[in-house]
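Subject: Structure handover

Hi,

Here is the structure I promised you. Please open it alongside this email; my notes follow below.

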Amino acid sequence: MKEAMVTLFWEYSTLIVFLHVLSAVVWVGGMIAMRFAAHHSFMELEPPLRLARTAQALKRLFAIVTPFVVILIVTAVLMAVGWGFRAASVDANGNVIDEAAFATYQLVHVKEAIWLIMALNLGAMILRRNKAQKKIDAGDFAAAKGLLGLIGKYMVPLNIILGVIAIYLGVTLRYSHA
């Protein structure tokens, strides 16, 4: 399986890296656009309409970014295995064979952890948005506002910050083995 992944990576490395970068850009860029462009436009609307439009826009955003999150995860695994970060840093028994390579390998895990936290946060945002939509449909705008407010105020900004850090780490890792 590992050899097949390495072969696949090297045969399609340019496409895999491109899809990985594109996925990160769409995911993080989409959140930035939602938080700093769309959010301010929604604030000009009256509260019931504002909540409905915000929920609708979040639904569209999440539908767009979710496939890119899957692509990001798949390409990350292919790149981590293909570039051989583990093989360069530890032997078959897990003993460190190169300290610098091991430090780089640890960055791979940090980046993986960041994307995992972001994916879990995205899942939580989707659930909150769906609950808010039910509250909007039932006319409970106060409850919907509470559910959506947390997304815009804390959850999206958290993913933006983590995404920018992950992108920076990705650039660092991309050039760590050149």
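Helix 3 passes helix 6 in a left-handed crossing. Keep in mind that this is a predicted model. The axes of helix 3 and helix 6 come within 10 Å and cross at roughly 45 degrees. That angle makes helix 3 oblique to helix 6.

Which residues make the contact? From helix 3 come Pro-48, Leu-51, Thr-54, Ala-55 and Leu-58. Helix 6 answers with Phe-141, Ala-144, Lys-145, Leu-148 and Ile-151. By class, the contact of helix 3 with helix 6 has 8 nonpolar residues, 1 polar and 1 charged.

Now turn to helix 2 and helix 3. Helix 2 covers residues 13–42, and helix 3 covers residues 47–82. Their axes come within 8 Å and cross at roughly 165 degrees. Angles over 145 degrees count as roughly antiparallel, so helix 2 is roughly antiparallel to helix 3. The crossing of helix 2 and helix 3 is left-handed. The contact of helix 2 with helix 3 holds 22 nonpolar, 5 polar and 2 charged residues.

Next, the cores. The largest nonpolar core has 32 residues. Which of them touch the most other members? They are Trp-27, Trp-115, Met-118 and Leu-148. Leu-148 also belongs to the contact of helix 3 with helix 6. Helix 2, helix 3, helix 5 (99–137) and helix 6 are the elements that give two or more residues to this core. Helix 6 supplies the largest share, 10 residues.

Look at Trp-115 up close. Leaving out residues up to four places away in sequence, Trp-115 touches Ala-24, Trp-27, Val-28, Leu-72, Gly-163 and Ala-166. Another core, of 12 residues, lies apart from the largest one. Among its members are Ile-16, Leu-78, Phe-85 and Leu-173.

Where does Asn-159 sit? Its place is in helix 6, residues 141–174. Is Asn-159 buried or exposed? Asn-159 has a relative accessible area of 0%. Buried means under 20%, so Asn-159 is buried. Again leaving out residues up to four places away in sequence, Asn-159 touches Trp-27, Met-31, Met-118, Asn-121, Leu-122 and Met-125.

Best wishes

Methods. Residues numbered from 1 in each chain as written. Predicted model: local features only at pLDDT ≥ 70, side-chain atom pairs only at ≥ 80, totals over all residues. Heavy atoms only, no water. Axes fitted to C-alpha atoms, helices over the stretch in contact; angles between N-to-C directions. Helix = DSSP H or I, 4+ residues; strand = E, 2+ residues; numbered from the N terminus. Parallel < 35°, antiparallel > 145°, perpendicular 65-115°, else oblique. Left-handed = near helix turned anticlockwise from the far one by under 90°. Nonpolar A, V, L, I, M, F, W, Y, C, P; charged D, E, K, R; others polar. Buried < 20%, exposed > 50% of the residue type's maximum accessible area, 1.4 Å probe, protein only. Contact = heavy atoms within 4.5 Å. Core = buried A, V, L, I, M, F, W, Y, C linked by side-chain atoms within 4.5 Å.
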